[in-house]
Amino acid sequence: VNVYVKMFTNSPFLLCMDLAHSQEEVIDPKYLWVGPDGRNLEGQLHVNLTETGKLMVMSFKEFMSGAYTCTLSHKILETTTREEREVFETYKFMVYAYREADLAYQVFVRFTTEECDLAANDQFFGELKRILNNIISDLTCQIVESSYTCRSVKVPKQGLLHQLFVSFQVNPFAPGWEEACHEVPYDCEDLTNARVHEARGRIEEFFNKQTYALRHQFKTLPKIHYIENSFSVIHIDSCRPGFGKNNLTHKSCASCCVVCDPGTYSPNNDVTCQICPKPQVRMYGARSC
């Protein structure tokens, strides 16, 4: 059975018996829970183990992921022969730490330009990135994966124009983002998502102001200028280092960022756990090999 536990929360109680046993009496039951490291869980501080064999793992973290196995032993009394025998049954749970996905935004915008081979195009693009990063720097967000291409576009009633197709990602993990989380207990996914959402709003406002300026403040349009209503944005998910998505392995938690399995790692905020070359890591949630 696969069980998914959100980081820093308690797991649900894991029951050391199947449905049939839970509906009938069990004589002299004994329970032995073993954790992912092969050690007996009885008496360990991070678990709540009841006398009826229920197990809760508390304040779940990456390294707690793995196989939790319970062996149930109980007596069966033979009424006709008055004999008793002890039977053993084993139940295994694969327990995984997960996080909610972090938001990022992919932005697309266009500008007109006089020619595609102008050196001014590169200069303009570099200045645009600098301005946008300044707008959102106090949110510990940043512009990443930015690029542009220049294309010739036939526009109705305007003829053939040259346009810069600009794309970039608004990412919430600029240097210092971890310090911004220190004031938030445990996990700061909500804070991170709120920051990047505000950053997206500021950037949209910046381009809206470009439209106003072009309409009301310029008598002669600049050689490179924003194309009205060309701003568009889509939201994309990202996972924290050590976590990734896998719709095949974790079908019941397909939208979750699940801890990377041993032998895989995720060094960045991508959504994929990469296979680790030798020597392979043997821990959950690896960020490097």
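Reply: Happy to! First, a word on terms: the domain bounds used here come from an automatic or database domain assignment. The model itself is predicted. On that basis the chain is divided into domain 1 (2–100), domain 2 (102–238) and domain 3 (239–288), and domain 2 is the part to look at.

Let's start with a helix pair. Helix H2 covers residues 119–136 and helix H4 covers residues 189–216; their axes come within 9 Å and cross at roughly 130°. Angles over 145 degrees would count as roughly antiparallel and 65 to 115 as roughly perpendicular, so H2 is oblique to H4. The crossing of H2 past H4 is right-handed. On the H2 side, the contact is made by Leu128, Ile131, Leu132, Ile135 and Ile136, which meet Ala199, Arg202, Ile203, Phe206 and Phe207 of H4. Sorted by class, that contact holds nine nonpolar residues, one charged residue and no polar ones.

The centres of domain 2 and domain 3, taken over C-alpha atoms, are 30 Å apart. Nine residues from domain 2 and six residues from domain 3 take part in the contact. Between them, domain 2 and domain 3 bury about 590 Å², with carbon and sulfur atoms giving 45% of that area. On the domain 2 side, Phe173, Asp237 and Ser238 stand out: they supply 60% of the area that domain 2 buries against domain 3, more than any other three residues.

Conventions: Residues numbered from 1 in each chain as written. Predicted model: local features only at pLDDT ≥ 70, side-chain atom pairs only at ≥ 80, totals over all residues. Heavy atoms only, no water. Axes fitted to C-alpha atoms, helices over the stretch in contact; angles between N-to-C directions. Helix = DSSP H or I, 4+ residues; strand = E, 2+ residues; numbered from the N terminus. Parallel < 35°, antiparallel > 145°, perpendicular 65-115°, else oblique. Left-handed = near helix turned anticlockwise from the far one by under 90°. Contact = heavy atoms within 4.5 Å. Nonpolar A, V, L, I, M, F, W, Y, C, P; charged D, E, K, R; others polar. Buried area = accessible area lost by both parts, 1.4 Å probe.
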